[in-house]
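Please walk me through this structure in plain terms. I would like to know how its parts are arranged and what surrounds the ligand.

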Amino acid sequence: MVKNLSASKESSHSCAMATEAAPPQTAQIPVINVSKIDASTADKLVDAAATFGFVFIELETTNIDYNDVQRMFELSKKFFASPRSEKAKCAISENVFGNQISRLRDLALNFGEFADGKAQQPMPDALAADESYLSGFFDSCHGLCVRLLQLFAMGLKIDEDAGGKDWFSARHNRSGPSGSILRLLHYPIIPAEAGYVPEKDIRAGAHSDYGSITLLFQRPAQEGLEILSKGWQPVPVHPDGVDAARPPPILVNIGDLLSYWTGGYLKSTVHRVVVPPSAKIGGEDRYSMAFFCHPVDTAVLVPVPSALLRERGKKRGAMDAEAEGKAITAAEHLKGRLAATYGWKK
Ligand SMILES: O=C(O)CCC(=O)C(=O)O
Ligand SMILES: [Fe+2]
């Protein structure tokens, strides 16, 4: 959640001889089956991450049960339906997107790492009875991230003697605190009488995520995400080729940390959430859920021992830092991103 881009850069210029604007092109993000941990799956994943920074994962090919996703969204609805004063006790404020306050986004609810099934922060009354369930869902999300990190390690051809496919996952082993977060989000529709102002009414401002990888769960027919790739491109909930009757695939994106670690080879792509046409005509609120996976705080971001990155020969990010004798930890990287966004002193 950094690199906040100013809204003015996004507004389009009007033209006297207005012609019908071409609809923005939908991002052609690949959809991948991750049931096998093999070279072909790994290569597809790395290709998508290096090209788009985003990739869809077929939910049915993961360890995550769709019934659990649906139950999580039920819990999210229950939380967001509680009185604002209740929500405010546990929710993080509007500044999750770099102080951008939008009338189109409810408060967001963040859960950090649980300990023995217990949240390490105040639990909202609406979810108090479901604490261990939420903790279980956090674990499942982390489990999927570990699988994906193994595939990324294979696709990057990390040296076997350095740890091979387990090189990243060993650094995400939950042996201590980490920046990982499970976040519940809610964006209400705009009541017709409130009037929609396209330049102002962005649901979540342009940003990139901080961590290694993010899992994003979306609801059928609740569109709104866009990625910045040759202009803003809408990202569907059900991409081409995925039947709308199937569970929406999980959208995975690369965060700033993994991009830094790989010298920019894997892309941390800027994205935002807007009001899609359907929601301007009395459509649905948007509920989404994000799991931000981070390494353990103490993991040192040394250059990834990857044959593929060596061949590329570019020395940026973690490679640069190590060459200057300034390798940083995951916690320091996160602190730096937060400082850049919120203007905190490092
Ligand atoms: O709500 C969404 O779909 C995206 C949220 C997001 O990008 C974030 O929380 O970092
Ligand atoms: Fe994000």
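The expected span of a helix is 1.5 Å times one less than its number of residues. Helices (H or I, at least four residues) and strands (E, at least two) are DSSP runs, numbered from the N terminus. Helix H10, residues 330–342, has 13 residues and should therefore span 18 Å at 1.5 Å a residue, which agrees with the 18 Å between its end C-alpha atoms.

This is a predicted model, in which local features need pLDDT of at least 70 and side-chain atom pairs count only at pLDDT 80 or more, while totals for chains, interfaces and linings use all residues. Residues are numbered from 1 along each chain as its sequence is written, chains are lettered from A and ligands numbered from 1 in the order in which they are written, and side-chain values use heavy atoms, with hydrogens and water left out.

Next come the sheets. Two strands pair if DSSP finds at least two bridges between them. Seven strands form an open sheet of mixed pairing, in the order S1-S2-S9-S6-S11-S4-S3. Its edge strands, S1 (31–32) and S3, each pair on one side only. Strand S2 (residues 54–57) is antiparallel to strand S9 (residues 250–254), with four bridges between them; Ile57 stands opposite Ile250 there. Helix H1 (residues 39–51) lies across S1, S2 and S9 and runs at about 140° to S2. Such angles run from 0 to 180 degrees between N-to-C directions, and the axes are lines fitted to C-alpha atoms, for helices over the stretch in contact.

S4 is joined by three bridges to strand S3 (residues 109–111), and the two run antiparallel; Leu109 has Leu184 in S4 as its bridge partner. Seven bridges link S4 to strand S11 (residues 286–293), again antiparallel, and His186 stands opposite Tyr287 in S11.

A second open sheet has four strands in the order S5-S10-S7-S8, with antiparallel pairing. Strand S5 (204–207) and strand S8 (232–234) are the edge strands, each pairing on one side only. On average, neighbouring strands of this sheet are turned by 20° against each other, direction ignored. Within the sheet, strand S7 (residues 225–228) and strand S10 (residues 271–273) are joined by three bridges, and Ile227 stands opposite His271. Arg272 also lies in S10. Arg272 has a relative accessible area of 9% and is therefore buried. Its side chain makes a polar contact of 2.8 Å with that of Glu226. A polar contact is a pair of N or O atoms within 3.5 Å; within protein, one must be able to donate a hydrogen and the other to accept it, and residues adjacent in sequence count only if both atoms are side-chain atoms.

Which residues are closest to ligand 1? Of the 12 residues that surround ligand 1, the closest are Tyr187, His207, His271, Arg286 and Ser288, where a residue is near a molecule if one of its heavy atoms lies within 4 Å of it. Tyr187 has a polar side-chain atom 2.4 Å from an oxygen atom of ligand 1, and a polar side-chain atom of Arg286 also lies 2.4 Å from an oxygen atom of the ligand. For Ser288, an N or O atom of the side chain is 2.7 Å from an oxygen atom of ligand 1.

Conventions: Buried means under 20% relative accessible area, exposed over 50%, partly exposed in between (1.4 Å probe, protein chains only). Contact means heavy atoms within 4.5 Å.
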